[in-house]
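Welcome! Here are some exercises to work through with the structure in view. Try each task yourself, then follow the solution step by step.

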Amino acid sequence: MKNLIIVESPNKIKTIEKILGSDYKVMASRGHIRDLATKEMSIDIPNGYEPQYIIPEDKRKIVSELQKAVKAAEMVWLASDVDREGEAISWHLQEALNLDGSKTKRIVFNEITEPAILHAIENPRAIDMSLVDAQQARRVLDRLVGYEISPILWSKIKQGLSAGRVQSVSVRLIVERAQEIQEFQPKGYFKVTAVFETAGSPQHLVAELLHHFDTEQEANAFLESIVTSQFQVSKLETRPAHRSPTAPFTTSTLQQEAGRKLGFSVARTMQIAQQLYEEGYITYMRTDSVNLSEMALAMAKETITEMYGSQYVKIRHYQTKIKGAQEAHEAIRPTNMANATINAEPAMKHLYELIWKRTIASQMSDAELEKTTLEIAISGSNDQFVCKGEQVLFDGFLKVYRESTDDDMDTSDDERLLPKLAEGTVLNLLEASAMQHYTLHPPRYTEMSLVKKLEELGIGRPSTYAPTISTILKREYVIKEDREPVVQQRVVLTLKSGVVSREERPERTGAERNKLFPTDIGNEVVKFMKTHFSDVIEYNFTADVEKDFDDIAEGKKDWRKVIDQFYKPFHQNIEITRQNSQRSKGERLLGTDPATGKCVYAKIGRYGTMVQIGDASDEEKPAFASMDKGQSIATITLEEALALFALPRTVGTFEGSDVIVSKGKYGPYTRHSGKFYSLGKGDDPKTVSLERCIEIIKTKRIEEAEKEELRKKFPHDIGEYEDAMIQSNVGRFGPYLTYNGANYKLPKGSDPLTISLPDAIAIIKEAVASPSKPRTRRSAAK
């Protein structure tokens with residue numbers, strides 16, 4: 001073998017081998033092949049914070065295969081990704097495979113296309129140890145923070161908790177926003193709008209009073225005062241304006257826009273972008289640069305000219321505003337600008353089209369607008385109505401793309417075309433109304449707006465946003481959910497035909513969709529961290545550390561010195577906190593239990609949030625009950641807390657045995673004759689009837705009997721292939737094939753009893769040829 005290329009993902013193998021031909025064999029490391037051990041610190045602190053790397057169990061086979069290939073190769077090309085993480089992977093490969101420096105080259109490419117791959121081969125370089133050191137510094141510092149703070153959280157709050165430099169700050173943002181909302185006092189006000197008509201024009205004019213009224217009385221007095229007023233156009237101003245396109249996508253702006261326009265989570269966006277990159281459709285998807293290469297600009301110019309005309313072209317060079325951004329990288333863009341769409345599954349197709357539109361729009365002409373402001377004077381009053389309009393004279397980039405915002409509002413009023421009126425034109429008032437509104441609390445974070453805030457604060461980097469959000473959701477410091485709107489009565493005063501009328505209209509308000517809410521555990525962890533580790537959870541500290549990593553990557557700082565400056569005071573604080581801090585219960589006294597006279601508390605227990613009746617010092621042990629989903633320490637009432645102790649309850653008897661309903665670790669259930677049956681999603685354990693429980697028990701019995709009958713038919717012999725029997729079977733995770741000691745999952749919809757031998761052979765062959773297909777040793781599947 002002449003050349004061995006090692007990439008991160010197996011999905012790149014076929015494309016690169018096709019480009020380079022038979023002289024090159026491509027293999028995948030499948031990400032990192034070495035890492036810190038998971039069950040210990042793995043950092044030799046006295047020896048300059050030396051990381052102690054191991055090859056994880058699940059990577060040993062890959063390393064063994066790579067070692068064999070390296071021995072047979074004349075030249076090894078390390079082609080991991082183009083960021084710090086990728087550079088570190090190449091270094092780990094060099095170390096673990098003991099590569100000969102004279103026979104090893106590092107190559108990078110921003111896209112998986114023939115020109116990019118060939119250019120990389122022609123321009124190899126050495127591994128950049130400054131980038132490697134920056135990655136190591138991040139890994140070491142995050143390990144030190146996590147492994148030293150987490151045990152304190154276990155002992156002081158709850159087992160199983162963890163702390164992280166970026167994740168704790170992210171939770172803090174969400175907690176503090178929730179506190180702002182809780183403390184917010186909405187203020188009511190009245191906004192006045194009026195509808196006018198002009199002689200000879202069928203078009204009505206809708207205008208708004210320049211200021212608002214604080215009270216209903218003030219609004220009513222104003223409407224009464226204009227019953228006999230005259231109205232005329234006092235000022236008409238028309239001015240040209242333009243709107244410019246936004247820059248091409250970075251990682252964070254792609255995550256934000258895909259969330260707003262396509263409804264994708266941050267993790268989903270990155271998953272699909274990774275697929276698009278690996279299949280050669282877009283450039284590398286982890287970047288904080290908005291630059292486009294000269295080649296990309298030329299492609300954009302050609303595509304825009306061909307599709308829309310030369311008048312739509314305006315080549316632009318954007319400057320990245322994010323500190324520490326790697327300008328040498330490109331923004332996320334299509335590899336071929338001529339392809340406005342691709343033939344792929346819907347999610348990939350939609351994300352690609354979004355990237356294409358944003359990239360193309362960034363190199364298009366401004367939209368040319370005409371903005372009109374019309375002021376309407378009121379006789380006998382200093383107040384005036386104002387009406388604004390906008391007309392698009394030349395659409396420019398708007399032909400292709402409009403950027404969304406976190407709280408898109410209907411801007412149709414601003415974009416409407418106003419009638420041509422001269423100053424002094426008399427207007428006839430058809431109707432005026434004063435509607436009650438309320439000031440709005442700050443918006444809760446969504447995944448997308450959290451990414452935007454982290455980026456603004458300089459916290460994290462493109463590669464960390466998605467994992468950070470996934471972590472805080474997985475740890476249940478934060479939950480993502482919807483909240484139903486509440487109905488508010490709004491006062492509306494209407495002046496029509498000289499009479500002011502009043503009505504109250506119900507309005508649904510306050511709906512939350514896919515918003516991030518802190519849990520009780522999240523609140524308590526942030527409170528504890530702010531008390532004892534204020535430096536770690538400070539926004540400026542986390543942002544400054546990111547700057548240190550950037551300096552390390554540029555060769556300006558020594559990574560060990562950066563870690564040392566942080567660790568010595570940090571570790572001293574760890575020891576003080578371990579010895580002197582009190583256990584945090586997150587406790588709230590709700591009131592007194594009428595039945596026993598004992599205190600009732602909402603608190604954090606060993607297994608989560610719970611309610612407690614009585615004190616530990618009482619002669620009788622306290623009673624405990626877990627809180628229901630959606631309940632929190634801050635908001636649960638005494639009545640709701642006492643209702644939790646209604647379980648377990650006996651709902652009746654069936655076949656001579658009690659039927660008992662309760663709640664367990666996996667949700668509500670009914671118990672009968674020593675067996676447990678899960679209740680349905682719509683069944684409330686506090687109110688479910690005996691009849692419903694009997695129905696659940698009987699249904700489960702029938703299902704179990706059918707499964708038992710099915711099990712008797714397996715294993716089922718399908719036929720022999722290469723002197724070994726292929727059998728079908730059914731396990732916990734569905735039907736599968738067994739052949740030569742290995743299991744092969746059957747595709748969805750396959751019948752394990754009727755599948756043919758040729759179909760079974762095809763499934764096995766495909767699984768063997770594609771390592772990503774599910775396949776396990778027989779012992780592991782039983």
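**Exercise 1.** Find which strands helix α2 lies across, and state its angle to β2.

*Solution.* Step 1: locate helix α2 at residues 60-72; helices (H or I, at least four residues) and strands (E, at least two) are DSSP runs, numbered from the N terminus. Residues are numbered from 1 along each chain as its sequence is written, and side-chain values use heavy atoms, with hydrogens and water left out. This is a predicted model, where local features need pLDDT of at least 70 and side-chain atom pairs count only at pLDDT 80 or more, while totals for chains, interfaces and linings use all residues.
Step 1: Helix α2 lies across β1, β2 and β7.
Step 2: compare directions. Helix α2 runs at about 165° to β2; axes are lines fitted to C-alpha atoms, for helices over the stretch in contact, and angles run from 0 to 180 degrees between N-to-C directions.

**Exercise 2.** Work out the order of the four strands in the open sheet.

*Solution.* Step 1: begin with one pair. Strand β1 (residues 3-7) and strand β7 (residues 75-78) run parallel and are joined by four bridges; two strands pair if DSSP finds at least two bridges between them. Within this pair, Ile5 has Trp77 of β7 as its bridge partner.
Step 1: extend to the whole sheet, whose order is β2-β1-β7-β8, with parallel pairing. At the edges are β2 (24-28) and β8 (104-106), each pairing on one side only. On average, neighbouring strands here are turned by 25° against each other, direction ignored.

**Exercise 3.** Which residues have the most contacts inside the largest nonpolar core?

*Solution.* Step 1: recall that a nonpolar core is a set of buried Ala, Val, Leu, Ile, Met, Phe, Trp, Tyr and Cys residues joined through side-chain atoms within 4.5 Å. Buried means under 20% relative accessible area, exposed over 50%, partly exposed in between (1.4 Å probe, protein chains only).
Step 1: the largest such core has 128 residues, and Ile5, Phe109, Ile149 and Leu351 have the most contacts inside it. Helix α5 (residues 129-156) gives this core its largest share, ten residues.
Step 2: zoom in on Ile149. Not counting residues up to four places away in sequence, Ile149 touches several residues, including Met529, Phe533 and Phe570.

**Exercise 4.** Is Val600 buried or exposed?

*Solution.* Step 1: find Val600 in strand β20 (residues 599-605).
Step 1: its relative accessibility is 0%, so Val600 counts as buried.
Step 2: check its surroundings. Beyond neighbours within four places in sequence, the contacts of Val600 include Leu590, Val611 and Leu642. Ile613 is 13 residues from Val600 in sequence, and their C-alpha atoms are 4.6 Å apart in space.

**Exercise 5.** Explore some backbone exceptions.

*Solution.* Step 1: start from the general rule that most residues other than glycine have a negative phi, and most peptide bonds are trans.
Step 1: Asn98, not a glycine, has a positive phi of about 50° and lies in the loop between α3 (84-96) and β8. Asn98 is exposed, at 68% relative accessible area.
Step 2: Glu655 has a positive phi of about 55° and is exposed as well, with 54% relative accessibility.
Step 3: turn to the peptide bonds. The one from Leu647 to Pro648 is cis, with omega near -5°, and Phe714 and Pro715 are joined by a cis bond with omega about -5°.

Terms used: Contact means heavy atoms within 4.5 Å.
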